[in-house]
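The following questions and answers concern the structure shown below. Each answer sets a value against the criterion it must meet.

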Amino acid sequence: MPLDPARVVARLEELRALTGDENGAQRVAWTETWATARAWLAESLADLPLEVERDAAGNDWYTLRGDDGRTVLIGGHLDSVPNGGWLDGCLNVLAGAEVLRRIAEDGTPPVTVRLVDWADEEGARFGRSLFGSSAAAGSMRDQEELRRLVDRDGVPLPDAVGAFGVDLDRIGEAHAQLEGAVAYLELHIEQGPVLESLGLPLGTVLGTFGVERSRITWTGQAAHAGSTPMAERRDALAGAAKLALAIREIAESTGDGAVCTSGDVTCRPGIVTSVVETAEQLLDQRHLDAAKLASMHARAEELSRRFAGEERLDVAWERIWSIEPILFDDALIGLADEAIWEVSGTTHRLPSGPLHDAAEVSRAGVPTVMVFVQSLRGLSHTKLEDTKSEHLELSVAALDRLASKTLARVVGAG
Ligand SMILES: [Zn+2]
């Protein structure tokens, strides 16, 4: 049977009806609704000659054995945030299932093809994203912290994952799943406005942004709002405000998709009758190029010293989290471009702002690429998340072509 992209759209609608409500998707990982979605997927693949396995980190694997032990992986995640969208994560799984079906019905593939439904990509319940993929990648190093996490109802993470047969002491065993993997392919909605603004259905993803997160503490002097003349003030908020505007210029002059966000400023004493004494500001900076990211960070720090001087403040910087940019595989990027060109007559390359399971797999040394399909209004993680059906169908066709090209390339490489 040939590939049927329209069936994927119908299946997505079926999944929405099964696991969503009037507020959106409710497939939060380690919940019954998530289990329902996973069982529904397994049932839909039961007629294919697949080996089905849940690994030590709770990832579900569907393996179509080929003539050769090398494996091409296609991945996604069925879990969603609470009140989430109908496409984030599950498009990749259901498109991958359709591609697997097409390959299986063509006969034994030249190399093994596996579909993986990663466990808890979103981290919605316990705040730890990329759970299953980081365990498989071997980059999960915070098991002790995980043991202490509890959800909003006080349920500890070890209990919640234990109900799904996952033991934190053994999650590293999932790493064995990546043995023999020669390529990892992931289709995802863009979750941003770039493709829509360019009028393009699909894009090849170059990699995921590196991230620098900082806490900047500005210190001035609390003083009475009525009795302190403007020229006498040491207003900590003035420093934070200048920096919040200056980061726009930093991002713009750096270019290539650079983004900087001042997501919060907490002021003390935080009352209407006092000049702000301390302002604690959070800054998130992202770029695909490690050197440019470093220079954006240095520039923000340098400007903050200048603003501190102008406003007679002290300023202190603290790094709270960072991750290197992760670049996808050049050869697979080329194949993704070809696949997208063949189904849509256009191509475009773009970086990913959000992290994805693909970043973990790539970090583990498996050649990786992602394809993005346009998101309407750039919205995601809300029930308003949407993509035109025709674009969803094109994305399934592109993933199928990419899988075929990847298999041909692996076989060609011997
Ligand atoms: Zn996702």
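This is a predicted model: local features need pLDDT of at least 70, side-chain atom pairs count only at pLDDT 80 or more; totals for chains, interfaces and linings use all residues.

**The zinc site and its surroundings**

Q: What makes His77, Asp88 and His188 donors of the zinc ion?
A: A donor here is an N, O or S atom within 2.8 Å of the metal. His77 (NE2), Asp88 (OD) and His188 (NE2) lie 2.1 to 2.2 Å from the zinc ion, so they meet the cut-off of 2.8 Å. Both His77 and Asp88 are also buried.

Q: Why is Gln191 called buried?
A: The term requires a relative accessible area under 20%. Gln191 has a value of 18%, and is therefore buried. This residue is located in the loop between strand E7 (181-189) and helix H7 (194-198).

Q: Why is Arg312 called partly exposed?
A: Partly exposed covers the range between buried, under 20%, and exposed, over 50%. The relative accessible area of Arg312 is 41%, so the residue is partly exposed. Arg312 sits in the loop between helix H9 (290-311) and E12, and its phi is positive, near 60 degrees.

Q: Why is Ala364 called partly exposed?
A: Ala364 has a relative accessible area of 31%, and therefore counts as partly exposed. Its place is in the loop between H11 and strand E15 (368-373).

Q: How do you know that Ala364 is in contact with Ala137?
A: Contact means heavy atoms within 4.5 Å. Leaving aside neighbours within four places in sequence, Ala137 and Leu178 are in contact with Ala364. The C-alpha atoms of Ala364 and Ala137 are separated by 5.0 Å, although the two residues are 227 residues apart along the chain.

Q: What is the peptide bond from Arg268 to Pro269, cis or trans?
A: This bond is cis, with omega near 5 degrees. Pro269 belongs to the loop between strand E10 (259-268) and strand E11 (278-287).

Q: Which residues line the largest pocket nearest its centre?
A: Among its 25 lining residues, Glu121, Ser129, Leu130, Trp321 and Leu355 lie nearest the centre. The space in this pocket is about 630 Å³. By class, its lining has six nonpolar, 11 polar and eight charged residues. E12 gives the most to this lining, with three residues.

Q: What is the volume of the second largest pocket?
A: Its volume is about 280 Å³. Strand E14 (residues 349-352) provides the largest share of the lining, four residues. The classes in this lining are seven nonpolar, six polar and three charged residues.

Q: What makes a set of residues a nonpolar core?
A: Such residues are buried and joined through side-chain atoms within 4.5 Å. The largest nonpolar core has 95 residues, and those with the most contacts inside it are Leu12, Trp30, Leu41, Phe131 and Leu185. H3 contributes the largest share of this core, 10 residues. Trp30 touches residues including Phe126, Phe131, Phe164 and Val166.

Technical notes: Residues are numbered from 1 along each chain as its sequence is written. Side-chain values use heavy atoms; hydrogens and water are left out. Donors are N, O and S atoms within 2.8 Å of the metal (3.2 Å for Na, K and Ca); water is not among the atoms, so sites may look incomplete. Buried means under 20% relative accessible area, exposed over 50%, partly exposed in between (1.4 Å probe, protein chains only). On a 1 Å grid over the protein atoms alone, a cavity is a set of points where a 1.4 Å probe fits but cannot get out, and a pocket is an open set with protein on both sides within 12 Å along at least five of seven lines; lining residues have an atom within 4 Å of a point. Grid points are joined across faces, edges and corners, and a volume is the space filled by probe spheres set on the points. Helices (H or I, at least four residues) and strands (E, at least two) are DSSP runs, numbered from the N terminus. Ala, Val, Leu, Ile, Met, Phe, Trp, Tyr, Cys and Pro count as nonpolar, Asp, Glu, Lys and Arg as charged, and the others, Gly among them, as polar.
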